[in-house]
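Visitor: I would like to go through this model by question and answer, starting with how its chains meet.

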Amino acid sequence: MTDAAPPPEAPIPLWEVFLRSRNGLAHKHVGSVHAVDATLALQAARDVYTRRGEGLSIWVVPSAAIVASDPADKDTLFEPTGSKIYRHPTFYEVPEDVGHM
Amino acid sequence: MASTSITVEETAERGLLLARADDALVLGHRLSEWTGRAPLLEEELALANVALDLIGQARALYQATGLDEDALAYRRDASGFRNALIMELPNGDFAVTMARLFLVSTATDLYWRAAVADELLGPIAARAEKETAYHVRHAAEWLVRLGDGTAESHRRAQDALDLLWPYTGELFEPAPLGPDPAALRPAWEAAVAPVIARATLRRPADGWMQSGGRSGRHTEHLGHMLAEMQVLPRTYPDARW
Amino acid sequence: MYSQALNTPTKLADTSPEATRFQDRIDAEERIEPNDWMPEAYRRTLVRQISQHAHSEIVGMLPEGNWITRAPSLKRKAALLAKVQDEGGHGLYLYAAAETLGVAREELVDQLLSGRAKYSSIFNYPTLTWADIGAIGWLVDGAAIMNQIPLCRCSYGPYARAMIRICKEESFHQRQGYEIMLTLSRGTAEQKAMAQDALDRWWWPCLMMFGPPDGQSNHSDTSMRWKIKRFTNDALRQKFVDATVPQGHYLGLTFPDPDLRWDEAAGHWRFGDIDWEEFRRVLAGDGPCNRERLAARRQAHADGAWVRDAARAHAAKQHAKAA
């Protein structure tokens, strides 16, 4: 059964798809498509990810162009912010009589 | 046993609606035959989207006749179908499928644009035009890639154009009602030429043009297509599905 | 279910600090993301399960695709085409989820076409009448939903997100199948017979979809521990039977199981013995349609090679022009 199978082909590039579902909202990552170029990637994203009225605007980005932070750096990158509670409004006391602020 | 066929009393209005509806149904059916066979998974979804648009257009147009949409689709003989012959040709390879979709959709898009102001077709044309404009774009991008791809794809794309060209004349035959298809020809030529050029393909010469679909004289292929498509309603004429 | 053939036991001997932290995160219901540290066996299990799930969606397009050109009304034709299209989309989402684990789609497709990868046994059964389209929607999609809803909470983020999207889209699939069955069973004598025949042929293979009984499924423990799987095969199967039997009775159809009876005390429908010999045979390649299904996928892939080549060549030319 294995003799009929062709060898794997050269990969077709992967693109990440971002949709804006309503005006006023940011684009949100929804998935990926394979396409040889940007035009076909945009069409594929439209055909795959907007079949139920999910989007008003599409971005496609080559997956290879995304630079991600290393999960191993999580503590270094994100832990220090935990102690800066003075960045949050609840840190400050304002008497109730002053009303909403 | 009595025949399971119906005959439609064709007014000019019905003739117009049926021609457009049958174009959409027959081409939509052909595209649905690609299911499970597309060259790329992404294209599997794209082809189904186009097919679903066309089947939806056909339904709206059939319903506008005031007759039952399923009776029209499933109980007419081939001679009762009014579609242009190019719609019913077998899919062939991906080049034939995309070249046909490009040539046909470019003409149909112009037709729907002209029909937006038409009393009978207007409401349907407005939505259909948007759908068709996307079909043109999608098919054009593929035709360019196939024409200007590899030597093999170029040959296949040129063969497809050569095969289909004699069927394009029928798309512009004058009609007694609705927008005049003949008047759309120059705009079609102007829209088609740059894409063919980008695809590095040669526009075939205008020789003898095939004709007959609008009056019910079809190719041999439509009978086979309908035999398959209509098998259940024809076999069980009393059943509802 | 979609990974019925995952029968390689995995060792959990890894007691490294990373492995312990990993298991702690899973136990705390944290999601694992693509770049996070994960045990090699977790990665392997996921790649296999997700890709088998993807293959099942893609091969699953074929039995239903068999009736698109013969759907008996325009409404049914559109619904079936949209449903089969969804399955293609689900395969696409799942391949993408598997790709986040470092395997290219081309490699996964190659595993399917070469016969090295498995897909759900159910798609090796033929669709002989229009009623089979109803039965597949009602039963096969019904069984799939039982399995897929818990997968929305799978520990691997990209898989869980794909499943959420899939479950949302699938909500119409089972309903359209049941509606077809309802129409047929309220229809002519021939249509009723068609519906009954479809239930007779699909019922047992659907029960097999959930995979071997818990005692014989040696990957279950690890998968449960990793929260790739949250219910056992038998638990899901029972849930499916309990939900489905009353639906079948509403249709006025008879289940092809003389041992089927309501167990009042337990609150479950008890069913007869499943023919596991048939299950193993179909999974191993000797079902009614295994060869056709694989041949159809290979044909499509081979026929499309020149198109993909053309697209790549065109992109390369454009790239060269721009440079």
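Guide: Buried area here is the accessible area, taken with a 1.4 Å probe, that two parts lose on being put together, summed over both. The model is a predicted one.

Visitor: How much area do chain A and chain C bury between them?
Guide: The contact involves 25 residues of chain A and 27 residues of chain C. Carbon and sulfur atoms carry 56% of the buried area. The total for chain A and chain C is about 2300 Å².

Visitor: How many salt bridges are counted between chain A and chain C?
Guide: One pair is Glu9(A) with Arg312(C), whose closest N and O atoms are 3.2 Å apart. That distance falls inside the cut-off, since a salt bridge needs a side-chain nitrogen of Lys or Arg within 4 Å of a carboxyl oxygen of Asp or Glu. Between chain A and chain C the count is seven.

Visitor: Which element of chain A gives the most residues to the side that touches chain C?
Guide: Across this interface, 11 residue pairs are in polar contact, both partners at pLDDT 80 or more. Two elements of chain A give two or more residues to the side that touches chain C: strand 2 (28-34) and helix 1 (38-49). With three residues, the one that gives the most is strand 2 of chain A.

Visitor: How do the residues on that side of chain A divide into nonpolar, polar and charged?
Guide: The side in question is the one by which chain A touches chain C. Its residues divide into 16 nonpolar, four polar and five charged.

Visitor: What area do chain C and chain B bury between them?
Guide: Here 46 residues of chain C meet 48 residues of chain B. Of the buried area, 69% lies on carbon and sulfur atoms. The value for chain C and chain B is about 3900 Å².

Visitor: Which helices of chain C each supply at least two residues to the side that touches chain B?
Guide: That side of chain C divides into 23 nonpolar, 12 polar and 11 charged residues. The helices of chain C that each supply at least two are helix 2 (40-65), helix 3 (74-99), helix 6 (157-185), helix 7 (189-208) and helix 11 (290-322).

Visitor: Which element gives the most residues to the largest nonpolar core?
Guide: This core has 191 residues, and those touching the most other members are Tyr62(B), Tyr42(C), Trp130(C), Tyr156(C), Trp203(C) and Phe240(C). Leaving aside neighbours within four places in sequence, Trp203(C) contacts residues including Leu139(C), Phe240(C) and Phe255(C).

Visitor: Is Lys227(C) buried or exposed?
Guide: Most residues other than glycine have a negative phi. Lys227(C) has a positive phi near 60°, and lies in the loop between helix 8 (220-225) and helix 9 (233-250) of chain C. Its relative accessible area is 18%, and the limit for burial is under 20%, so Lys227(C) is buried.

Visitor: What is the phi of Thr200(B)?
Guide: Thr200(B) sits in the loop between helix 8 (185-198) and helix 9 (220-229) of chain B. At 40% relative accessibility, Thr200(B) is partly exposed. Thr200(B) is not a glycine, yet its phi is positive, at about 55°.

Visitor: How many residues apart are Asp93(B) and Arg156(B)?
Guide: The side chains of Asp93(B) and Arg156(B) form a salt bridge at 3.0 Å, N to O. Asp93(B) is in the loop between helix 4 (85-88) and helix 5 of chain B, and Arg156(B) is in helix 7 (residues 151-164) of chain B. The pair links distant parts of the chain, and the separation is 63 residues.

Conventions:
Residues numbered from 1 in each chain as written. Chains lettered and ligands numbered in written order. Predicted model: local features only at pLDDT ≥ 70, side-chain atom pairs only at ≥ 80, totals over all residues. Heavy atoms only, no water. Contact = heavy atoms within 4.5 Å. Polar contact = N/O pair within 3.5 Å; in protein donor to acceptor, adjacent residues only side chain to side chain. Helix = DSSP H or I, 4+ residues; strand = E, 2+ residues; numbered from the N terminus. Nonpolar A, V, L, I, M, F, W, Y, C, P; charged D, E, K, R; others polar. Core = buried A, V, L, I, M, F, W, Y, C linked by side-chain atoms within 4.5 Å. Buried < 20%, exposed > 50% of the residue type's maximum accessible area, 1.4 Å probe, protein only.
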